Amino acid sequence: MLGKGVVGGGGGTKAPKPSFVSYVRPEEIHTNEKEVTEKEVTLHLLPGEQLLCEASTVLKYVQEDSCQHGVYGRLVCTDFKIAFLGDDESALDNDETQFKNKVVGENDITLHCVDQIYGVFDEKKKTLFGQLKKYPEKLIIHCKDLRVFQFCLRYTKEEEVKRIVSGIIHHTQAPKLLKRLFLFSYATAAQNNTVTDPKNHTIMFDTLKDWCWELERTKGNMKYKAVSVNEGYKVCERLPAYFVVPTPLPEENVQRFQGHGIPIWCWSCHNGSALLKMSALPKEQDDGILQIQKSFLDGVYKTIHRPPYEIVKTEDLSSNFLSLQEIQTAYSKFKQLFLIDNSTEFWDTDIKWFSLLESSSWLDIIRRCLKKAIEITECMEAQNMNVLLLEENASDLCCLISSLVQLMMDPHCRTRIGFQSLIQKEWVMGGHCFLDRCNHLRQNDKEEHQRQLSLPLTQSKSSPKRGFFREETDHLIKNLLGKRISKLINSSDELQDNFREFYDSWHSKPTDYHGLLLPHIEGPEIKVWAQRYLRWIPEAQILGGSRVATMSKLLEMIEEVQSLQEKIDERHHSQQAPQAEAPCLLRNSARLSSLFPFALLQRHSSKPVLPTSGWKALGDEDDLAKREDEFVDLGDV
């Protein structure tokens with residue numbers, strides 16, 4: 001009575017806060033309801049791989065589970081990867097996609113795949129880097145392949161927490177020397193086997209013979225020649241040791257500006273036209289040097305531009321196309337949409353999913369790259385013109401556009417061996433700066449952390465350019481209404497007439513998968529990666545596709561058969577119930593939508609998992625199924 005009188009003395013005072021404190025963590029209740037038994041799980045190490053640090057009694061959370069279920073095990077760090085060795089790995093197999101790789105396992109993260117590391121301190125998430133004064137109770141690792149791992153360190157010994165957290169931060173973020181990268185020494189130890197039949201092996205393009213074979217395959221040996229002037233990289237380290245140039249070009253010209261200003265051959269079309277690339281000459285202020293560069297370039301252009309027999313079109317990718325900063329900013333925004341830690345963040349993004357995807361501009365960048373590649377394809381295929389790609393170092397956008405063009409025009413590049421050879425030729429031998437672009441050596445981590453910290457605080461302004469979904473909606477309206485409203489839409493990105501004729505003509509014919517292939521870049525026919533970009537598409541979550549109702553009924557029947565089988569096995573005291581094949585295929589299928597892992601099919605049903613409040617707002621499920629489709633009159637639109 002005394003307590004009641006004191007609290008109620010002021011009529012408007014608030015009720016007291018509950019004073020009960022639970023000392024039992026949810027993890028202690030919802031993990032295995034049996035004592036955690038220590039099991040010795042073998043750590044698979046590659047030859048030469050060394051164990052650096054480890055921690056036991058670490059709880060790996062199941063990401064999509066709001067109750068924070070998980071599996072106990074060991075968290076280890078080697079000089080190659082971070083690995084989690086679960087005590088009961090079968091508990092995770094039911095909900096996670098099976099991951100098969102000869103080098104790394106399902107719960108392995110290579111050190112170079114780590115993008116960001118976060119720690120949770122008193123329910124607050126902070127970025128971890130450098131030397132820590134306080135160690136987190138929860139570790140969150142964001143990977144470059146868009147995976148997210150969460151580890152609870154609350155039950156781990158304090159000394160082990162310090163070692164494992166400090167070790168992971170140091171070996172993933174500390175600046176490194178190139179020779180210290182794991183597997184770097186394996187490159188020199190690898191045997192250089194001579195390929196007897198290039199058609200059945202990946203071409204490495206590290207010998208003069210490889211380039212001669214590629215010239216012969218594409219019928220480009222009539223106008224172009226392979227040179228060894230850069231053998232031993234004595235002229236330029238940016239260029240490959242061997243490459244191909246026009247036949248009339250003197251080899252001493254390559255040495256004049258250290259490979260700059262030289263048209264390097266990429267690929268030849270069946271009609272004799274060729275795709276070339278060139279790194280720009282260094283910018284100079286002196287008029288005398290500029291005049292020398294001009295006369296040098298005039299002589300070079302005469303070797304590839306000889307009208308009316310040969311006409312060359314120059315595509316300046318450095319000034320008239322995407323910038324590297326624009327691509328990096330768009331991908332950073334796009335990447336953040338998939339690096340989600342919990343279901344609350346998932347539902348927050350789900351409400352405005354398409355607007356967030358649109359504001360990242362990532363799909364629009366993909367479309368612009370495909371469009372540029374189709375324009376170059378049209379010049380080579382229809383107009384029989386040579387195309388020269390010009391870039392500052394010819395090692396970024398040149399690699400991308402050249403690869404896309406060859407994938408569209410050369411069916412050999414669409415085979416497994418051909419695609420591997422294409423990557424080796426255009427990206428590896430093409431001099432793409434993987435170390436800098438992927439930050440493998442961690443030389444600019446300080447700037448990277450500052451950029452990552454500022455990204456969530458930056459409000460993205462609406463771009464004046466037409467976006468991806470906005471543009472597709474306009475084309476869809478045109479097809480639905482049958483009205484010509486293109487004159488009402490002001491767009492600076494209209495296709496040229498000859499390009500439009502080439503594009504429409506090809507898509508109006510039956511597709512020849514052994515010839516030229518052009519992707520759809522506009523209209524309702526456009527196809528996007530549904531499992532990545534779309535949500536609540538049931539077909540995207542069904543292995544091999546099928547009708548939703550039929551598949552759902554089959555899954556329910558399989559579940560019922562499996563349940564009956566388990567009951568029969570229990571009566572016969574069977575140790576392990578056989579798994580039904582169809583649910584395993586569906587559960588372990590790599591074809592997951594962008595909902596993964598927060599709306600994983602727990603019942604193997606094709607129904608979307610909606611929040612309780614949102615589902616109740618739609619009314620009863622049976623009534624919803626019987627409800628007629630709403631009719632929308634477009635006559636007055």
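The model is predicted, so to speak of local features a pLDDT of at least 70 is needed, while side-chain atom pairs count only at pLDDT 80 or more, and totals for chains, interfaces and linings use all residues. Residues are numbered from 1 along each chain as its sequence is written, and side-chain values use heavy atoms, with hydrogens and water left out.

Side chains of opposite charge can pair when their charged atoms come close. Here a salt bridge is a side-chain nitrogen of Lys or Arg within 4 Å of a carboxyl oxygen of Asp or Glu. By this rule, 25 salt bridges are counted. One of them joins the side chains of Asp115 and Lys335, with 2.8 Å from N to O. Asp115 belongs to strand 5 (residues 114-121) and Lys335 to helix 9 (residues 324-336), and the pair links distant parts of the chain, 220 residues apart. Helices (H or I, at least four residues) and strands (E, at least two) are DSSP runs, numbered from the N terminus. Both Asp115 and Lys335 are buried; the word buried stands for under 20% relative accessible area, exposed for over 50%, and partly exposed for values in between (1.4 Å probe, protein chains only).

A second salt bridge brings together the side chains of Arg154 and Glu137, at 3.6 Å from N to O. Arg154 lies in the loop between strand 8 (148-152) and helix 4 (158-173), and Glu137 in the loop between strand 6 (124-127) and strand 7 (138-143), so this pair ties together parts that are 17 residues apart in sequence. Arg154 is partly exposed, at 26% relative accessibility, and Glu137 is partly exposed as well, at 24%. In the salt bridge between Arg306 and Glu310, the closest N and O atoms are 2.6 Å apart. Arg306 is partly exposed, with a relative accessible area of 38%, whereas Glu310 counts as buried at 9%. Salt bridges also link Glu214, Arg217, Lys277, Asp410, Lys425 and Glu426 in a network.

Aromatic side chains come next. A pair of aromatic rings is described by the distance of the centres and the angle of the planes. Rings of Phe, Tyr and Trp (its six-membered ring) pair if their centres lie within 6.5 Å; planes under 30 degrees apart count as stacked, over 60 as edge-to-face and the rest as tilted. The whole structure holds 13 aromatic pairs. In the pair of Phe205 and Trp211, the ring centres are 4.8 Å apart and the planes stand at 55 degrees, so the pair is tilted. Phe205 is buried, with a relative accessible area of 2%, and Trp211 is buried too, at 4%. Elsewhere, Tyr331, Phe334, Phe338, Trp353, Trp362 and Tyr533 form one aromatic cluster. A charge can also sit over a ring (NZ of Lys or CZ of Arg within 6 Å of the ring centre and within 35 degrees of the ring normal). Lys125 does this over the face of Tyr118, at 4.3 Å from the ring centre.

Val428 is placed in helix 14 and is partly exposed, with a relative accessible area of 41%.

For Cys113, the nearest cysteine sulfur is that of Cys143, 4.7 Å away. Cys113 is buried, at 12% relative accessible area, and Cys379 is buried at 3%.

Two loop residues other than glycine have a positive phi. Lys219, with phi near 60 degrees, sits in the loop between helix 6 (208-217) and strand 9 (224-227) and is exposed, at 61% relative accessible area. Asn384, with phi near 55 degrees, is found in the loop between helix 12 (362-381) and strand 14 (386-391) and is partly exposed, at 41%.

Key
A disulfide is a pair of cysteine sulfur atoms within 2.5 Å.
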